[in-house]
Amino acid sequence: MIHPNKYIIFIYAVFMFLIPLLQLCTGKPMQVHSGGGERSLEDISMEIAGYSGVVKDIINLTVYGKAQNRSYNRLALFTDTIGNRVSGSENLNKAIKYMYNALQSDKLENVHLEPVKVPHWVRGEESAMMLEPRNYSVVILGLGSSIGTPPEGITAEVLVVASFDELEKRAAEAKGKIVVYNQAFVNYGETVQYRSFGAVRAAKHGAVASLIRSITPFSISSPHTGWQDYSSDVPKIPTACITVEDAEMMARMASRGTKIVINLKMGAKTYPDADSFNTVAEITGSKFPEQVVLISGHLDSWDVGQGAMDDGAGAFISWEALSLIKDLGLRPKRTLRLILWTGEEQGGVGASQYYQLHKVNISKYSLVMESDIGTFAPFGIRFTGGDKAHAVMKAVMQLLKPINVTSVDPYGEGTDISYWLQAGVPGVSLNDDISKYFWFHHSNGDTMSVQDPVQMNLCAAVWTTVSYIVADMEEMLPRN
C-alpha cells in the first residue's frame with residue numbers, strides 16, 4: 001500500500017512531467033504556477049516552449065505551404081496598382097481605400113479607419129542646370145517641406161563643403177551662394193543630419209539655396225529624397241538632394257579652383273494639412289480582449305519609386321501575420337491589432353495622433369511592433385524593454401531555430417512606435433540584412449525589383465511568431 005502523502009507526491013511528479021510533453025504535442029500553452037506572486041522565468045520559459053507546435057505550423061504554412069509568397073504577391077499587386085503614396089496625395093487616399101477593402105475581404109475583425117491630419121507638400125517641376133564651367137543637367141529631387149524658387153529660378157555660384165565644420169570655417173564665403181554638401185556617408189543616423197538641417201545651416205550664413213549629397217552609401221546616379229526641417233528663426237531657402245556622383249564632381253571642380261554656377265528651379269509648394277487615416281484591423285482576444293499587441297508598418301511612401309521596400313513590405317508582412325493566424329484557426333488571448341500608419345515619412349504624424357488618442361490605455365499594451373527597415377533576409381528581432389522581458393523574447397525566438405532566425409539584439413525602434421517606447425511599453429523591430437537598404441531608400445529604385453519572396457516569407461514567419469506568442473501568453477510582457 002502506498003502512503004497517501006507519497007501517492008499525492010507521485011501524482012504531482014507525473015503531472016509536472018507530462019505538462020511539457022502535452023504542450024509540445026498540442027502547440028498550446030498550459031499554465032503552471034509553482035506558487036503565488038510573480039511568475040518565475042522558468043515558468044514563463046516552460047509556457048513559451050509549449051508553442052513549438054504552433055511555430056512549426058506557422059513556418060510550414062508561410063515558408064513551404066499554400067501561403068508561400070502570399071505577402072510578396074499581395075504587395076506586388078498593391079504597388080503595381082497604386083504606385084507611390086506620398087502624404088496628402090490622391091494616391092495615398094486610393095491606397096488607404098484599397099487596404100480597407102482588402103482587410104475586410106480577408107475577414108479580419110474591427111476593420112476601420114481612424115482620421116488624422118497629415119502634411120501636404122507637392123514637389124512640382126524641378127531642375128538644376130550647371131551653367132559654368134559647362135552646361136550640364138544636375139539630377140535633383142527636392143526635399144520634403146522645401147520652399148520653391150521664383151519661376152525664373154535662382155542662379156548663383158556654388159560653395160562646396162564636405163561637412164558642417166567646413167561650412168562654419170568658410171561661413172564668410174556662403175553669402176549669396178548655393179551651398180553644396182559633399183559629406184561622406186558614415187551611417188544613416190549620423191549622415192542624415194545633412195539632409196535634415198543642411199538648408200538651415202547654410203541659410204544662417206546667407207546662402208540662397210542648398211544641395212545635399214544623397215544619403216546613401218552606393219549610387220548609380222540616383223538622387224534620394226526625404227524630409228527636411230526649417231527653423232523659425234532662420235530664413236527658408238530651397239533645398240534638394242543631388243547624386244553622389246554630381247556632388248563628388250563638383251567637389252573635384254572646386255578643389256581645382258574652378259568656378260561653378262547653377263540655375264536651380266523648384267516648383268515645390270506646401271498646402272494646408274490634408275485629411276488622412278490610419279488603417280486598423282484586428283483579431284480580437286479570446287480572454288483579455290482589452291489588452292493589445294500592436295503590429296504595424298506604414299502605408300505612405302515618398303513620391304518616387306513604388307514604395308515597395310519603404311514601407312510597403314513592412315506593412316504587408318504585418319497584414320500577413322494576422323492572415324496566417326486566422327488561416328491556422330488561432331485566436332490569441334489578447335487582441336492583435338494591425339495598424340497601417342499614415343504620414344510616417346513626415347515624422348510619424350499619423351502615429352503621433354494615434355498615440356495621443358489611445359495613450360489613456362497604455363497599461364493595456366503588452367508589446368508594440370514596427371517593421372520599417374526592409375524585409376531582407378532576417379536575423380531576428382531588435383527589442384527595447386527590461387531584462388526579464390528581454391529573456392522572454394529570447395525564449396520566443398529560440399522557437400525559430402528551424403529557419404535559423406533567433407537573434408534578439410538591443411534597441412527595437414521605429415518612428416511610429418517611438419512614442420510608446422519612450423513611455424515604457426516594450427517594443428520590437430525586425431532585424432534583417434540592411435546592407436543594401438539605403439541603396440534604394442527614398443529613391444526611384446524603391447520598386448518590387450528590390451523585394452525577394454523567399455525573404456518576405458521568412459520575415460512573415462518571424463513577425464507572426466512573435467506577435468502571436470506575446471498576444472497569447474497568460475501574462476503581459478513584464479515592464480521595468
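So, strand β5 (residues 154-161) and strand β9 (residues 261-266) run antiparallel, joined by 4 bridges. Along that pair, T155 sits opposite N263 in β9. Helices (H or I, at least four residues) and strands (E, at least two) are DSSP runs, numbered from the N terminus, and two strands pair if DSSP finds at least two bridges between them.

Bear in mind this is a predicted model: local features need pLDDT of at least 70, side-chain atom pairs count only at pLDDT 80 or more, and totals for chains, interfaces and linings use all residues. Residues are numbered from 1 along each chain as its sequence is written, and side-chain values use heavy atoms, with hydrogens and water left out.

The whole sheet is open, 8 strands with mixed pairing, in the order β3-β2-β9-β5-β6-β7-β8-β4. At the edges you've got β3 (136-138) and β4 (140-142), each pairing on one side only.

Most residues other than glycine have a negative phi, and most peptide bonds are trans. But E132 to P133 is cis, omega near 5 degrees, with P133 in the loop between β2 and β3. D310 to D311 is cis too, omega near 0 degrees, and D311 lies in helix α9 (residues 308-327).

Then S221, not a glycine, has a positive phi of about 60 degrees; look for S221 in the loop between β7 and β8.

H442, also not a glycine, has a positive phi of about 60 degrees, in the loop between α13 (437-440) and α14 (453-472).
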